[in-house]
Amino acid sequence: MTEESIAVYKGLLANKFIMPTVGVVELLPVILLVVGRWIIVALLAMIPIAFGIMGFHFAVDIQGIFWGILIAFGLVYLLSMHFSNVGYLIKEVDTIG
């Protein structure tokens, strides 16, 4: 990691608003998946989380990118398992507009 990226990472950890907010945003879809309610919404909410994890590790810590890739592949797998529901959701939104 470069000195600039270390400074940015330490700044994010020192900020008392960003990291707890990120934790809540990551925790809500996981709770929805565990409970089994609103699975499609939870999976769609996890897309920016997965890209954020991969982008962070790509820019700051390339050795840790394995976990971001693993989460992204798991998300793609789960979305493919529920693809018919996602297609139905898209059709419903398209007919409303």
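1. Helices here are DSSP runs of H or I with at least four residues, numbered from the N terminus. The model is predicted. With that rule, Trp-38 falls in the loop between H2 and H3.

2. Overall content. The chain holds five helices and zero strands, and read along the sequence its pattern is α-α-α-α-α. Of the 97 residues in the chain, 18% are buried. Taking contacts between residues at least 6 apart in sequence, 45% join residues at least 24 apart.

3. Helix H2. This helix covers residues 18-35, which is 18 residues. From the first C-alpha of H2 to the last, the reach is 26 Å, close to the 26 Å expected at 1.5 Å a residue. Gly-36 follows H2 and has a positive phi, near 90 degrees.

4. Packing of H2 on H3. Two packed helices are described by the angle between their axes and the distance between the axes. For H2 and H3 (residues 39-59), the axes come within 9 Å and cross at roughly 145 degrees. The crossing of H2 with H3 is left-handed.

5. Residues in that contact. On the H2 side the contact is made by Val-25, Glu-26, Pro-29, Leu-32 and Leu-33. On the H3 side they meet Ile-39, Ala-42, Leu-43, Ala-45, Met-46, Ile-49 and Ile-53. By class, the residues of the contact of H2 with H3 are 11 nonpolar, no polar and one charged.

6. Leu-43. Leaving out residues up to four places away in sequence, Leu-43 touches Leu-33, Leu-75, Leu-78, Leu-79 and His-82. One of these, Leu-33, is also among the H2 residues that meet H3.

7. Phe-51. This residue is also placed in helix H3. Phe-51 has a relative accessible area of 56% and is therefore exposed, the cut-off being over 50%. The C-alpha atoms of Phe-51 and Ile-71 are separated by 9.3 Å, and the two residues are 20 apart along the chain.

8. Ala-59. Helix H3 contains Ala-59 as well. With a relative accessible area of 60%, Ala-59 is exposed.

9. Aromatic rings. How many aromatic pairs does the count give, when ring centres must lie within 6.5 Å? The count comes to one aromatic pair. The partners are Phe-66 and Trp-67, with 5.2 Å centre to centre and 70 degrees between the planes. Angles over 60 degrees count as edge-to-face, so the pair of Phe-66 and Trp-67 is edge-to-face. Trp-67 has a relative accessibility of 54% and therefore counts as exposed.

Notes. Residues are numbered from 1 along each chain as its sequence is written. This is a predicted model: local features need pLDDT of at least 70, side-chain atom pairs count only at pLDDT 80 or more; totals for chains, interfaces and linings use all residues. Side-chain values use heavy atoms; hydrogens and water are left out. Helices (H or I, at least four residues) and strands (E, at least two) are DSSP runs, numbered from the N terminus. The expected span of a helix is 1.5 Å times one less than its number of residues. Rings of Phe, Tyr and Trp (its six-membered ring) pair if their centres lie within 6.5 Å; planes under 30 degrees apart count as stacked, over 60 as edge-to-face and the rest as tilted. Buried means under 20% relative accessible area, exposed over 50%, partly exposed in between (1.4 Å probe, protein chains only). Axes are lines fitted to C-alpha atoms, for helices over the stretch in contact, and angles run from 0 to 180 degrees between N-to-C directions. A crossing is left-handed if the near helix is turned anticlockwise from the far one by less than a right angle, and right-handed if clockwise. Contact means heavy atoms within 4.5 Å. Ala, Val, Leu, Ile, Met, Phe, Trp, Tyr, Cys and Pro count as nonpolar, Asp, Glu, Lys and Arg as charged, and the others, Gly among them, as polar.
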